[in-house]
Amino acid sequence: MDPLPWATPPVLRYGAGGPRTDIVCGYLHSTDPLLDPRLAAFSSAFVVRPQGPLASWVRSSIEYALAVTSENAPGGPMATRLPALVAGEVLRVHIATAPAGQHGWVAAVRDPVLGPAMAALHGAPERKWTVADLASEAAASRSLLDARFREVLGLSPIRYQAGWRMRRADELLGTTELDVADIAYRVGYESEEAFSRAFKRHRGVAPSLWRLGQRTGRSDAG
């Protein structure tokens, strides 16, 4: 295919004979922590088969997006929001129907042991959680909780907590005007210095520089 940008969507023709198959490809960028590849919330590929009204809505949304794109028609805000809406519904169906026994974040939040512990961590990242505290939230033993974290997520509970704090810090730095000291407290650090050291290990730069880079990027994109 020709490199971007395209005046019209390219069409690839492959094979011959048999029924026609149409494949629509798209790209959606998001800074949501759930879509951070390091979290491994979703597998690299999965299949979702919407049913009933949802299937009709997904099909009509894709057809509308294609029509607006191919005709260079002014689709307005809805044309740009549609990909996010479709992706959100597809992910929702995937989470609701993913088979039990899988590994990764989706399996973890549905796990009867991990789910309550993770909800506690997410709800109060500033709290100094111990494995015993989390085991109490999950009504499980410490050994069982630790084993489930390692089996399903590949992390100990405390390492998961540290990672989630950093993802929460990313969000606060990128979307709020809170100063670094306030963010440090909100994600469980007693001092700005300790938080800055941890964040630099996480992102490779100090929190203030990372925030500046995020804002510069948004300004350039606009």
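Trainee: Where is the place of Leu4?

Mentor: First, this is a predicted model, where local features need pLDDT of at least 70, side-chain atom pairs count only at pLDDT 80 or more, and totals for chains, interfaces and linings use all residues. Residues are numbered from 1 along each chain as its sequence is written, and side-chain values use heavy atoms, with hydrogens and water left out. Helices are DSSP runs of H or I with at least four residues, strands are runs of E with at least two, and both are numbered from the N terminus. With that in hand, Leu4 sits in the segment before α1 (52–71).

Trainee: Is Leu4 buried or exposed?

Mentor: Buried means under 20% relative accessible area, exposed over 50%, and partly exposed in between (1.4 Å probe, protein chains only). Leu4 has 64% relative accessibility, so Leu4 is exposed.

Trainee: And Arg159, which helix is that in, and is Arg159 buried or exposed?

Mentor: Look at residues 157–175: that's helix α7, and Arg159 lies there. Because its relative accessible area is 56%, Arg159 counts as exposed.

Trainee: How far apart in space are Arg159 and Phe149?

Mentor: In sequence, Arg159 and Phe149 are 10 residues apart. Going C-alpha to C-alpha, the spacing of Arg159 and Phe149 is 9.8 Å.

Trainee: Which element of the chain has the highest mean pLDDT?

Mentor: pLDDT is the predictor's confidence in each residue, from 0 to 100. The chain averages 83, and 85% of the residues score at least 70. Helix α10 (residues 207–221) has the lowest mean, 77, while the highest, 96, belongs to helix α5 (residues 131–138).
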